[in-house]
Amino acid sequence: MDFIPGISTGNNNGEMVPEETKPAVHEPVPPGPASVIKELGQTVIPAGEPDIFCMTIIGQIEGHFVLPPHNKTTKYEHIIPQLVAAEQNKNIKGLLIILNTVGGDVEAGLAIAEMIASLSKPTVTVVIGGGHSIGVPIAVSSSYSIIAESATMTIHPIRMNGLVIGVPQTFEYMERMQERMVKFVTSHSRISEELFKDLMFKTGELNRDIGTAVGGSDAVKYGLMDEVGGIGAALARLNAMIAGGDTLIQGSVAQGGLKQ
């Protein structure tokens, strides 16, 4: 009897049965959707070279101290090199920054905000869930800022963790740090310093804390954000800025906002 590939020579009863094919052990995952999910957490890789660089800032912003592994974090030492690379890449025409953060390290957040504000390319930030605490300066640091209608932004005084020495210099340091944040926010948005501080030191609004939780429409009304919208509006605005049809510059926006 001739040998046919894939067919066994027979069983005990003389019947022809298909030969079993066993998968190779420890075979590497070939390039494709499975490897992309494993390595990048994405289902597909965008085809071609997009001219818009998308960056996400989610969870808690991690600064000089490493947070517990169960915390969802954004590490500032990862964000800053990406911003530098995007600035140097000639194929990238604009940046889209998506925020859903609870805040975090003050200096790390301000560093990211200063980096975004100093980019020469058009930038648009979108707050889709929350842009709380130090996420507020990051949200307003771009050329144009958009917030989802259901999103919120918590404005409150800065806090200090770790060893606190009860001397006047400690309180002066915290006050100077807070002034840095206030000046940055008011200089990159239309909200006035007086209104921003009123929201920051308001009592009775938050449970066990001082400050205000500002919704999407209120953030626009106060002059903190520019528009209520989502990803579609952000991409349309960014494409218009890249094409030169939108000459909006954040620094040229009149200061003020809505008075309470």
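Lys75 is partly exposed, at 25% relative accessibility. Its salt-bridge partner is Glu62, and the closest N and O atoms of the two are 2.7 Å apart. The pair links distant parts of the chain. Glu62 belongs to strand 1, while Lys75 belongs to strand 2 (residues 73-75), 13 residues apart. This model is predicted, so side-chain atom pairs count only at pLDDT 80 or more.

Is Glu62 buried or exposed? Glu62 counts as buried, because its relative accessibility is 4% and the cut-off for buried is under 20%. Lys75, at 25%, falls in the partly exposed class.

## The other salt bridges

How many salt bridges does the structure hold? The structure holds 7. One of them joins Lys197 to Glu179, with the closest N and O atoms 3.0 Å apart. Lys197 sits in helix 6 (residues 193-200) and Glu179 in helix 5 (residues 168-187). The pair therefore ties together parts that are 18 residues apart in sequence. Lys197 is partly exposed, with a relative accessible area of 25%. Glu179 is also partly exposed, at 23%.

Another salt bridge brings together the side chains of Glu205 and Lys202, at 3.9 Å from N to O. Glu205 has a relative accessible area of 38% and is partly exposed. Lys202 is partly exposed too, at 35%. Some salt bridges share partners: Glu179, Glu193 and Lys197 are joined in this way into one network.

Strand 3 covers residues 94-104. Of its 11 residues, 8 are buried, so the strand is largely enclosed by the rest of the structure. In a regular strand, side chains alternate between the two faces of the sheet.

Which strands pair with strand 3? Strand 1 (residues 52-62) is joined to strand 3 by 10 bridges, and the two run parallel. Within this pairing, Gly59 has Thr101 of strand 3 as its bridge partner. Strand 4 (residues 123-131) also pairs with strand 3 in the parallel sense, over 6 bridges. Here Leu99 stands opposite Val127 of strand 4. Between strands 3 and 4 the chain passes through helix 3 (residues 106-117). This β-α-β crossover is right-handed.

## A nonpolar surface patch

Which residues form the nonpolar patch on the surface? They are Ile128, Ile231 and Leu235. Together they have about 210 Å² of accessible area. Leu235 lies in helix 8, which spans residues 231-243. Leu235 is partly exposed, with a relative accessible area of 31%.

## The protein as a whole

The protein has 8 helices and 8 strands. It is made up of 260 residues, and 38% of them count as buried. It exposes about 15,200 Å², and carbon and sulfur atoms supply 56% of that area.

What share of the contacts between residues at least 6 apart in sequence join residues at least 24 apart? The share is 67%.

Terms used
Residues numbered from 1 in each chain as written. Predicted model: local features only at pLDDT ≥ 70, side-chain atom pairs only at ≥ 80, totals over all residues. Heavy atoms only, no water. Buried < 20%, exposed > 50% of the residue type's maximum accessible area, 1.4 Å probe, protein only. Helix = DSSP H or I, 4+ residues; strand = E, 2+ residues; numbered from the N terminus. Pairing = 2+ DSSP bridges. Right-handed = clockwise from strand over helix to strand, strands pointing away. Patch = residues over 30% accessible without salt bridge, like charges linked within 9 Å, V, L, I, M, F, W, Y side chains within 5 Å. Areas by Shrake-Rupley, 256 points an atom, 1.4 Å probe, with all protein chains shown as cover. Salt bridge = Lys/Arg side-chain N within 4 Å of Asp/Glu carboxyl O. Contact = heavy atoms within 4.5 Å.
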